[in-house]
Amino acid sequence: MHKTLNNKVLDELNRHILEELQKDARLSTVEIGRRIGLSAPAVADRIQKLEDLGFIRGYNTILDMDKLGLTIRAFINFRTTQLKHGEMIKLVASIPEIIEWYTVTGNYSIVLKIATSSSQRLADLIEQLEEYGETNTSLILAKDPGSKNIMDLI
């Protein structure tokens, strides 16, 4: 048995279910059961319990941003002394091109991940943010095509 960081116990079967779902959330309970040696109803019950306990918070669809025309992607480090934290979050929420954000420690207050269709729109976003503070922008050239298996961490 392994313990998670919040002291909830995960047995090996639940770990294997989570590993399989992390690889492909569209797997059927029949296929997961075949891979880990359980019946489909047993897998379904375990998945439901993992959802109820909050181990599984949702399922995502990963879109191809290039095919959607969002070919310019960047990280923007943003620091402001003019806005309070709540105001900064409202500003971030008002910009649809911000697809992820993280409040952080260090020289900047927040790291923004941007996806947009043109370098001009990126420049406009930077200018909009610079009305309230300082930015430092890095264009994203490539991304790791695989995802890390979180189950390896616990």
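## Helices H2 and H3

The axes of helix H2 (residues 29–36) and helix H3 approach each other within 8 Å and cross at roughly 105°. The model is a predicted one. Angles of 65 to 115 degrees count as roughly perpendicular, and H2 and H3 are therefore roughly perpendicular to each other.

On the H2 side, the contact is made by Thr29, Val30, Ile32, Gly33 and Ile36. H3 contributes Ala40, Val43, Ala44 and Ile47. By type, the residues of the contact of H2 with H3 are 7 nonpolar, 2 polar and no charged.

## Helices H1 and H3

Helix H3 (residues 40–52) also packs with helix H1 (residues 12–23): their axes come within 11 Å and cross at roughly 85°. H1 and H3 are therefore roughly perpendicular to each other.

Leu13, Asn14, Ile17, Leu18 and Leu21 of H1 make this contact with Val43, Arg46, Ile47 and Leu50 of H3. The residues of the contact of H1 with H3 comprise 7 nonpolar, 1 polar and 1 charged. Val43 and Ile47 of H3 take part in the contact with H1 and in the contact with H2.

## The buried side of H4

Which residues of helix H4 are buried? In H4 (residues 85–93) they are Met88, Leu91 and Val92. These residues cover an arc of only 100° around the axis, so they lie on the same side of H4.

The buried residues of H4 are covered by elements that include E3, strand E4 (98–103), strand E5 (110–116) and helix H5 (119–130). The face of H4 turned away from the buried side carries the exposed residues Lys90 and Ala93.

How many salt bridges does the structure hold? There are 11 salt bridges. One of them joins aspartate 11 and arginine 46, with the closest N and O atoms 3.0 Å apart. This pair links distant parts of the chain, 35 residues apart: aspartate 11 is in the loop between strand E2 (9–10) and H1, while arginine 46 is in helix H3. Aspartate 11 has 22% relative accessibility and counts as partly exposed. Arginine 46 is also partly exposed, at 22% relative accessibility. Arginine 46 belongs to the contact between H1 and H3 as well.

Glutamate 134 forms a salt bridge with arginine 79, and the closest N and O atoms are 2.8 Å apart. Here too the pair links distant parts of the chain, with glutamate 134 in strand E6 (residues 133–139) and arginine 79 in strand E3 (residues 72–80), 55 residues apart. Glutamate 134 is partly exposed, with a relative accessible area of 37%. Arginine 79 counts as partly exposed at 27% relative accessibility.

Glutamate 20 and lysine 23 form a salt bridge through their side chains (3.7 Å, N to O). Both residues lie in helix H1, 3 residues apart, about one turn of the helix. An α-helix has 3.6 residues a turn, so residues three or four places apart point the same way.

Are the two partners buried or exposed? Glutamate 20 is buried, with a relative accessible area of 11%. Lysine 23 counts as exposed, at 60% relative accessibility. This pair is part of a network of salt bridges that links Glu20, Lys23, Glu31, Arg34 and Arg35.

Definitions and conventions. Residues numbered from 1 in each chain as written. Predicted model: local features only at pLDDT ≥ 70, side-chain atom pairs only at ≥ 80, totals over all residues. Heavy atoms only, no water. Axes fitted to C-alpha atoms, helices over the stretch in contact; angles between N-to-C directions. Helix = DSSP H or I, 4+ residues; strand = E, 2+ residues; numbered from the N terminus. Parallel < 35°, antiparallel > 145°, perpendicular 65-115°, else oblique. Contact = heavy atoms within 4.5 Å. Nonpolar A, V, L, I, M, F, W, Y, C, P; charged D, E, K, R; others polar. Salt bridge = Lys/Arg side-chain N within 4 Å of Asp/Glu carboxyl O. Buried < 20%, exposed > 50% of the residue type's maximum accessible area, 1.4 Å probe, protein only. Arc of directions from axis to C-beta.
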